[in-house]
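Dear colleague,

I am passing on the structure below, and my notes on its side chains follow it. Please read them with the model open beside you.

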Amino acid sequence: MYEIWYIPRIHDELVIARFKTEHEAQMQMAHIEEKKPKAFPHHYIWNTESKKKIKFEKPFDEYGWWGS
């Protein structure tokens, strides 16, 4: 299970989404980066099984890497 966490300025961190696969979480992070670029640096992916943060990597689309 993978979660996307948001770190607000004043309050504690909170989970905003849960996904079964890392790919789904990566796709949602790409969506956040596109739609909310100012808020994007305050989000991260958390692996609930290994208890570790996962580095965001832009996922492939049907043409290869995004923006290529």
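A residue is called buried here when its relative accessible area is under 20%. The model is a predicted one, and by that cut-off E3, with a relative accessible area of 8%, is buried. E3 belongs to strand 1, which covers residues 2–6, and its side chain makes a polar contact of 3.0 Å with the side chain of R18. Beyond its neighbours within four places in sequence, E3 is in contact with V15, A17, R18, Y44, I45, W46 and T48.

On the aromatic side, searching the whole structure gives two pairs. In one of them, W5 and Y44, the ring centres are 6.4 Å apart and the planes stand at 5°, so this pair counts as stacked.

Because F40 lies in the loop between helix 1 (22–35) and strand 3, while F56 lies in the loop between strand 4 (52–54) and strand 5 (60–61), the pair ties together parts that are 16 residues apart in sequence. F40 counts as buried at 15% relative accessibility, and F56 is buried with a relative accessible area of 18%.

Finally, to return to Y44, the charged end of K53 sits over its ring, 4.3 Å from the ring centre.

Best regards

Technical notes
Residues numbered from 1 in each chain as written. Predicted model: local features only at pLDDT ≥ 70, side-chain atom pairs only at ≥ 80, totals over all residues. Heavy atoms only, no water. Helix = DSSP H or I, 4+ residues; strand = E, 2+ residues; numbered from the N terminus. Buried < 20%, exposed > 50% of the residue type's maximum accessible area, 1.4 Å probe, protein only. Polar contact = N/O pair within 3.5 Å; in protein donor to acceptor, adjacent residues only side chain to side chain. Contact = heavy atoms within 4.5 Å. Phe/Tyr/Trp six-rings, centres within 6.5 Å; stacked < 30°, edge-to-face > 60°. Lys NZ or Arg CZ within 6 Å of the ring centre and 35° of its normal.
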